[in-house]
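User: I should like to learn how to read the strands, helices and cores of a protein model. Could we work through one together?

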Amino acid sequence: ERFPTVHAVDIAGNQAIATPELRKRMTLKEGQALRLEQLKYSQSMIESMYRDKGYYEVAVSTTVTLLPENQADVGFQVDEGPVFHVGQVVVSGNHVVSKKIILRNLNIKSGELFSQSKIFESDRQLYTTGYFDTIEITYSTTAAHTVDVGVRVKEKATRYIKGGVGY
């Protein structure tokens, strides 16, 4: 069975990011076959663009309206929610590596606009130091419009004999 062809893509509820900017990053386009994975990808792309601009609680819902001649209209409804800032950045699990070094490698600071990709980038940056086996980043929203970021690390075992000979 053939997939319906996308007749129109409508985006509603977006104030902070202009429709053309959102459309640029979406894989779902008019005139193409409507595939569920492209619908889901476009939906999460809109959400991540908003999360990079501080909209931590953004929600995007989709509607598909089937039309005659195997066509479909697709709608994205954006519920932006409030803008969030980074609250506390709490580091735990470190024994050898100082909190200062961990915070220096994190690209996020208390008080700045919440940004999902900045946090992903910080996570990657911490891994590249080579000090950690695992890094777990958690979020909590205790204060209004503030996201506290928890960074729990598990340091790599460092075994050495005095004198600098590793084994």
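Analyst: Let us begin with a single pair of residues, bearing in mind that this is a predicted model. Val 6 has Ala 72 in β3 as its bridge partner.

User: What is the general idea behind such pairs, and how do β1 and β3 run?

Analyst: Strands of a sheet pair through backbone hydrogen bonds, in either a parallel or an antiparallel manner. Here β1 and β3 run parallel and are joined by seven bridges. Further along, Ile 11 stands opposite Phe 76 in β3.

User: In what order do the strands of this open sheet lie?

Analyst: The order is β1-β3-β2, three strands with mixed pairing. β1 (5-12) and β2 are the edge strands, each pairing on one side only. From one strand to the next, the twist averages 20°. Against this sheet packs α2, which touches β2 and β3; the direction of α2 makes about 150° with that of β2.

User: How many bridges join β2 to β3?

Analyst: Nine bridges join β2 (residues 59-67) to β3 (residues 71-79), and these strands run antiparallel. One point of reference is Thr 63, which stands opposite Gly 75 in β3. The two strands form a hairpin with three residues between them, where Glu 69 takes a positive phi near 60°.

User: Which strands make up the other open sheet, in the order of their pairing?

Analyst: That sheet has three strands in the order β4-β6-β5, and the pairing is mixed. Its edge strands are β4 (85-92) and β5, each of which pairs on one side only. The twist averages 20° from one strand to the next. A helix packs on this sheet too: α4 touches β5 and β6, and its direction makes about 160° with that of β5.

User: Which way do β5 and β6 run, parallel or antiparallel?

Analyst: They run antiparallel, with eight bridges joining β5 (residues 132-140) to β6 (residues 146-155). Two pairs can be located by eye: Glu 136 stands opposite Arg 152 in β6, and Tyr 139 stands opposite Val 149 in β6. The hairpin of β5 and β6 has five residues between the strands, and His 145 in the turn has a positive phi of about 55°.

User: Let us turn to helices. What span should the 13 residues of α4 have?

Analyst: At 1.5 Å a residue, the 13 residues of α4 (residues 116-128) should span 18 Å, and the end C-alpha atoms are 19 Å apart, which agrees. Just after this helix, Gly 130 takes a positive phi of about 80°.

User: Which residues of α4 are buried?

Analyst: The general idea comes first. An α-helix has 3.6 residues a turn, so residues three or four places apart point the same way. In α4 the buried residues are Gln 116, Ile 119, Ser 122 and Leu 126. They cover an arc of only 120° around the axis, which puts them on the same side of α4. On the other side of α4, Phe 120 and Thr 128 are exposed.

User: What covers the buried residues of α4?

Analyst: The cover includes α2 (36-51), α3 (99-105), β5 and β6.

User: Finally, how many residues does the largest nonpolar core have?

Analyst: In soluble globular proteins, nonpolar side chains tend to be buried together. The largest nonpolar core in this model has 20 residues, and those with the most contacts inside it are Leu 22, Leu 28, Ile 46, Tyr 50, Val 74, Phe 76 and Val 78. The elements giving two or more residues to this core are β1, α2 and β3. α2 gives the most, with five residues.

User: What does Ile 46 touch?

Analyst: Not counting residues up to four places away in sequence, Ile 46 touches Leu 22, Met 26, Val 60, Phe 76 and Val 78.

Technical notes: Residues numbered from 1 in each chain as written. Predicted model: local features only at pLDDT ≥ 70, side-chain atom pairs only at ≥ 80, totals over all residues. Heavy atoms only, no water. Pairing = 2+ DSSP bridges. Helix = DSSP H or I, 4+ residues; strand = E, 2+ residues; numbered from the N terminus. Expected span 1.5 Å × (residues − 1). Buried < 20%, exposed > 50% of the residue type's maximum accessible area, 1.4 Å probe, protein only. Arc of directions from axis to C-beta. Contact = heavy atoms within 4.5 Å. Axes fitted to C-alpha atoms, helices over the stretch in contact; angles between N-to-C directions. Core = buried A, V, L, I, M, F, W, Y, C linked by side-chain atoms within 4.5 Å.
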